[in-house]
Amino acid sequence: MTNTAGAKNRRFPTLLAAALSLATLVYQPAVIAKESTQMTVSDIKTGTLSAQQQALITIASLAAGGDIKKLNPALEEALDAGLTVNEAKEVLVQVYAYAGFPRSLNALGELMKVTEARTSRGVHDAPGREPSQPSAKGDALLM
């Protein structure tokens, strides 16, 4: 008898990350920066995703699966498609809750390598918008 539990367990983080990314795009389009990934009502009805939105799903899936070799070119393609650095960073930060901190941290390290390499080649990527609310600090963390 063949044990398929291992194969199913390896696919789970990837599928979960893809579902999370897609749900964020479809149900909360205001969360994503308006300048590059804004969905229209007709896009939601037809199920059409922009190149940036497709790139979000790809990088979330690869990061969740821990496939850093494939993540590097996927990040390059995502940034070429118009995804901002902060959008890519936010997706990779969110991966930690579903696939673990090490995978998220490795993926963020890869994003840093990609952006540094692109900067050294003279490619300037849009940083994207900053968070609308600052992170809580000190006693505010207790509330």
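The legends below describe close-up views of a predicted model.

**View 1. Packing of helices α4 and α5.** Helix α4 spans residues 51–65 and helix α5 spans residues 68–80. Their axes lie 9 Å apart, at an angle of about 160°. Because angles over 145 degrees count as such, α4 is roughly antiparallel to α5. The crossing of the two helices is left-handed.

**View 2. Residues in the contact of α4 with α5.** From α4, the contact takes in A55, T58, I59, L62 and A63. On the α5 side, these meet K70, L71, A74, L75 and A78. By class, eight residues of the contact are nonpolar, one is polar and one is charged.

**View 3. Salt bridge of D67 with K70.** The closest N and O atoms of this pair are 3.9 Å apart. D67 is partly exposed, at a relative accessible area of 26%, whereas K70 counts as exposed at 52%. The structure holds six salt bridges.

**View 4. Salt bridge of R118 with E76.** The N to O distance is 2.9 Å. R118 lies in helix α8 (residues 101–120) and E76 in helix α5, so the pair ties together parts that are 42 residues apart in sequence. Both side chains belong to buried residues.

**View 5. Salt bridge of D80 with R118.** Here the closest N and O atoms are 2.9 Å apart. The pair links D80 in helix α5 to R118 in helix α8, 38 residues away in the chain. D80 is exposed, with a relative accessible area of 58%, while R118 is buried at 2%. Through shared partners, salt bridges join E76, D80, R118, R121 and D125 into one network.

Definitions and conventions:
Residues are numbered from 1 along each chain as its sequence is written. This is a predicted model: local features need pLDDT of at least 70, side-chain atom pairs count only at pLDDT 80 or more; totals for chains, interfaces and linings use all residues. Side-chain values use heavy atoms; hydrogens and water are left out. Axes are lines fitted to C-alpha atoms, for helices over the stretch in contact, and angles run from 0 to 180 degrees between N-to-C directions. Helices (H or I, at least four residues) and strands (E, at least two) are DSSP runs, numbered from the N terminus. Angles under 35 degrees count as roughly parallel, over 145 as roughly antiparallel, 65 to 115 as roughly perpendicular and the rest as oblique. A crossing is left-handed if the near helix is turned anticlockwise from the far one by less than a right angle, and right-handed if clockwise. Contact means heavy atoms within 4.5 Å. Ala, Val, Leu, Ile, Met, Phe, Trp, Tyr, Cys and Pro count as nonpolar, Asp, Glu, Lys and Arg as charged, and the others, Gly among them, as polar. A salt bridge is a side-chain nitrogen of Lys or Arg within 4 Å of a carboxyl oxygen of Asp or Glu. Buried means under 20% relative accessible area, exposed over 50%, partly exposed in between (1.4 Å probe, protein chains only).
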